[in-house]
Amino acid sequence: MAQKTALIVYAHQSSASFNAAVLDVAVQELTEQGYRVIVSDLYAMKFRADTTQDDIIGDLKNPELFQYGEETMHAWMEGRLSDDIVAEQRKLEQAELVIFQFPLYWFSVPGIMKGWMDRVLTQGFAFSLEKMYNNGTFKGKKAMLSFTTGATQSMFQPDGINGDINITLWPLQSGTLHFCGFQVLAPQIFWSPAHCPPLVRTALLEGWRARLKGLLTEKPLNFAPCELFDLSFQGKFLLWPKVKEEQESKPYGITTGHHLGKPLPPDNQTKAQPRDENKPDCTD
Ligand SMILES: Cc1cc2nc3c(=O)[nH]c(=O)nc-3n(C[C@H](O)[C@H](O)[C@H](O)COP(=O)(O)OP(=O)(O)OC[C@H]3O[C@@H](n4cnc5c(N)ncnc54)[C@H](O)[C@@H]3O)c2cc1C
């Protein structure tokens, strides 16, 4: 059987960080499982995050009005994207599993990783109007977010100060990963490692190792398939009226994004990991 490939896109500046320890566990464990593991260590690579004309080799189609999406789509079609983008696209093509490893920055990925998404997931290569969501380019691949936070888990509950983590994760997991077709595995969240005692941190790493052993047997997160929508310009990409009618009697919305004004389906963007109310959050 052909060897499987995992790509880990990694963004942390320090090899002594908890993120580095999480990365090490993933590399060890996946290698032991027989994977070929490729790591894109974005800070070490000094990966450029800005989306500019430098990403296109040769003449622009419209030098008067620079449109990054249009120009990079043509450059991709004509083999004129810059070498650093092409190198990442080759890695992505080879990978069956993609893990994004990062510290949560402003409810999202660090800028350098956002730059990877902006630049590597080129229109045409990663998506098109015909190839999106469950019909997307990467529908045969799995992807997941693995990240650390400064905040505790309770702060990201629906009644916590930061609000529901399911909402925080929707733009990345639905708007980016699933948009490009990936089957998205539940995120691995390391809550507030800087405020945990060392033994708890060790246990978190062992929990990660245990999860990795069965990762590919996990059921991906649930998203609304394209077939529920009228994908014509007259239909405005809205839910079919019949589907909307069927949803009326349901207690929850379809997904975090398609809530239809109802309560959000619980744990739509996370694995059900109910917080043990009797266990204190990690605090110093
Ligand atoms: C610009 C910015 C924006 C941010 N926005 C948010 C936000 O929106 N929401 C939010 O919640 N947080 C936010 N944060 C906080 C950030 O997410 C956390 O600081 C980060 O996730 C902590 O992870 P780390 O790997 O950097 O931890 P580190 O500080 O590197 O590690 C934590 C502890 O783990 C120890 N450690 C390292 N290796 C091991 C090992 N092998 N075993 C056991 N322990 C080990 C380290 O020594 C350290 O004591 C933000 C931070 C910044 C800078």
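Mentor: Let's begin with the word helix: here it means a DSSP run of H or I with at least four residues, numbered from the N terminus. This is a predicted model, and in it Arg 209 is found in helix α6, residues 198–213.

Trainee: Good, I can find Arg 209 there. Why does Arg 209 count as buried?

Mentor: Set the value against the cut-off: buried means under 20% relative accessible area. Arg 209 has 18% relative accessibility, so Arg 209 counts as buried.

Trainee: Which residues does Arg 209 touch, leaving out those up to four places away in sequence?

Mentor: Arg 209 touches Val 25, Gln 28 and Glu 29. Contact here means heavy atoms within 4.5 Å.

Trainee: What makes the pair of Arg 209 and Glu 29 a salt bridge?

Mentor: The rule asks for a side-chain nitrogen of Lys or Arg within 4 Å of a carboxyl oxygen of Asp or Glu. Between the side chains of Arg 209 and Glu 29 the N to O distance is 3.9 Å, so the pair passes. The structure holds 14 salt bridges.

Trainee: Are Asp 84 and Arg 119 buried or exposed?

Mentor: Arg 119, at 1% relative accessibility, counts as buried. Asp 84 has a relative accessible area of 30% and is partly exposed, the class between under 20% and over 50%. Asp 84 and Arg 119 also belong to a network of salt bridges with Arg 48, Asp 50 and Asp 55.

Trainee: What makes helix α4 a mostly covered helix?

Mentor: Seven of the ten residues of α4 (residues 111–120) are buried. They are Ile 112, Met 113, Gly 115, Trp 116, Met 117, Arg 119 and Val 120. What covers these buried residues includes β1 (5–10), α2 (68–77), α3 (83–94), β3 (97–103) and α5.

Trainee: Where do Lys 242 and Glu 246 lie, and how many residues apart are they?

Mentor: Both are in helix α7 (residues 241–247), four residues apart, which means a separation of about one helical turn. An α-helix has 3.6 residues a turn, so residues three or four places apart point the same way. The closest N and O atoms of Lys 242 and Glu 246 are 2.9 Å apart, and the pair forms a salt bridge. Lys 242 counts as exposed at 59% relative accessibility, while Glu 246 counts as partly exposed at 39%.

Trainee: What stands out in the phi value of Lys 46?

Mentor: Phi of Lys 46 is near 50°, a positive value in a residue other than glycine. Lys 46 lies in the loop between β2 (36–41) and α2, and counts as exposed at 72% relative accessibility. Phe 107 has a positive phi too, about 65°, although it is not a glycine. Phe 107 lies in the loop between β3 and α4.

Trainee: On to the domains. How many residues of domain 1 and domain 2 are in contact?

Mentor: Domain 1 spans 5–221 and domain 2 spans 222–268. 15 residues of domain 1 are in contact with 14 residues of domain 2. The area buried between the domains is about 1200 Å², with 69% given by carbon and sulfur atoms. Asn 166, Trp 170 and Leu 221 supply 48% of the area that domain 1 buries against domain 2, more than any other three residues.

Trainee: How many salt bridges and polar contacts does the rule find across this interface?

Mentor: Across the interface of domain 1 and domain 2 the rule finds zero salt bridges, but it does find four residue pairs in polar contact. Helix α5 (residues 165–178) gives the largest share of the side of domain 1 that touches domain 2, six residues. By class, that side has eight nonpolar, six polar and one charged residues.

Conventions. Residues are numbered from 1 along each chain as its sequence is written. This is a predicted model: local features need pLDDT of at least 70, side-chain atom pairs count only at pLDDT 80 or more; totals for chains, interfaces and linings use all residues. Side-chain values use heavy atoms; hydrogens and water are left out. Domain bounds come from an automatic or database domain assignment. Buried area is the accessible area (1.4 Å probe) that two parts lose on being put together, summed over both. A polar contact is a pair of N or O atoms within 3.5 Å; within protein, one must be able to donate a hydrogen and the other to accept it, and residues adjacent in sequence count only if both atoms are side-chain atoms. Helices (H or I, at least four residues) and strands (E, at least two) are DSSP runs, numbered from the N terminus. Ala, Val, Leu, Ile, Met, Phe, Trp, Tyr, Cys and Pro count as nonpolar, Asp, Glu, Lys and Arg as charged, and the others, Gly among them, as polar. Buried means under 20% relative accessible area, exposed over 50%, partly exposed in between (1.4 Å probe, protein chains only).
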